Amino acid sequence: YLEWAVWRSFLAINEIVGPVHKTRRFPLDQDFLPRNTAPGGGSDLIFEFESYVLVVEVTLTTSHRQMAVESEPVRRHTVQYKESYPEKDVYCLFIAPSVDNNVAETFRIGVWYKLDDEEFVNIIPMSLNDYINTFETLREKRFKNGDLRSLLDRCLASRNVRAPQWKQSISKEVTEWKKRFVAKA
C-alpha cells in the first residue's frame, strides 16, 4: 500500500504528461486498490512532467539491507530513464522509512558507469517522514510540479557533504521549503 499511497499523492499534483495508468508499475483491482507491488526490472513509479521526469522508488527496507537491495537497481533504473527521455532532466526520489548512510552516499556521488563512460544521476534519498512533510503542504496550499522540482534541486545542491549531513540537509530543506511555500499566499 505504500507504493499506492505515494502514487496517489503524486496524482494530486495533476500536471502529469501522458496517461495516468502509465505512471505506476503495480496492478490495481476493480476498486483501484493495489493487487501487488511493482515488479522488478524497473522503477515503482514514473511521472513525466512538461519539463522533467520524476522516477520514484519506494521501499520498506531499512538498515544495511538497503544497500544490497536498492542501491544498484535505483541507479540503473534512473540511467535507463535518462536514456528514454534525453530531452528532459530526470530526477529520482528514493523514499524509505529511514535511509541507510551507505545508500545515501552512493546516491550522493551519483555516478553510474556504462563501460568507461560516466553517467551522472540525480537521486534524492528522502525519509518517509520528510516525504509526508512535503506532501502535507497540499493541505495548506496546492503546489505544482515546478515547486516540487525546486525542492529537489535544493536537496541536490547540498550533496557535496558527507552522507549523514546530506540526509540532515534534505530534512532541513523540506521543512524550510514547506514554510516558504505556505507563506507565499
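Which residues are buried in α4? In this helix, Asp130, Tyr131, Asn133, Thr134, Phe135 and Thr137 are buried, where buried stands for under 20% relative accessible area, exposed for over 50% and partly exposed for the range in between, with a 1.4 Å probe and protein chains only. The model is a predicted one, in which local features need pLDDT of at least 70 and side-chain atom pairs count only at pLDDT 80 or more, while totals for chains, interfaces and linings use all residues. Residues are numbered from 1 along each chain as its sequence is written, and side-chain values use heavy atoms, with hydrogens and water left out. Helices (H or I, at least four residues) and strands (E, at least two) are DSSP runs, numbered from the N terminus.

The cover over the buried residues of α4 includes α1 (2-11), β3, β6, α5 (145-157) and α6. With α6 (residues 163-183), helix α4 (residues 128-140) has an axis approach within 9 Å and a crossing angle of roughly 5°; axes are lines fitted to C-alpha atoms, for helices over the stretch in contact, and angles run from 0 to 180 degrees between N-to-C directions. The two helices α4 and α6 are therefore roughly parallel to each other, a label for angles under 35 degrees, with over 145 roughly antiparallel, 65 to 115 roughly perpendicular and the rest oblique. On the α4 side the contact (heavy atoms within 4.5 Å) involves Asp130, Asn133, Thr134, Glu136, Thr137 and Glu140. From α6 come Ile170, Ser171, Val174, Thr175, Trp177, Lys178, Phe181 and Val182.

Turning to the sheet, four strands form an open arrangement in the order β1-β2-β3-β6, with mixed pairing; two strands pair if DSSP finds at least two bridges between them. Its edge strands are β1 (45-48) and β6, each pairing on one side only. Strand β3 (residues 89-96) runs parallel to β6 over six bridges, and Met126 of β6 is the bridge partner of Ile95.

Pro125 also lies in strand β6 (residues 122-127) and, at 2% relative accessibility, counts as buried. Beyond its neighbours within four places in sequence, Pro125 is in contact with Phe94, Val99, Ala104, Phe107, Trp166 and Ile170.
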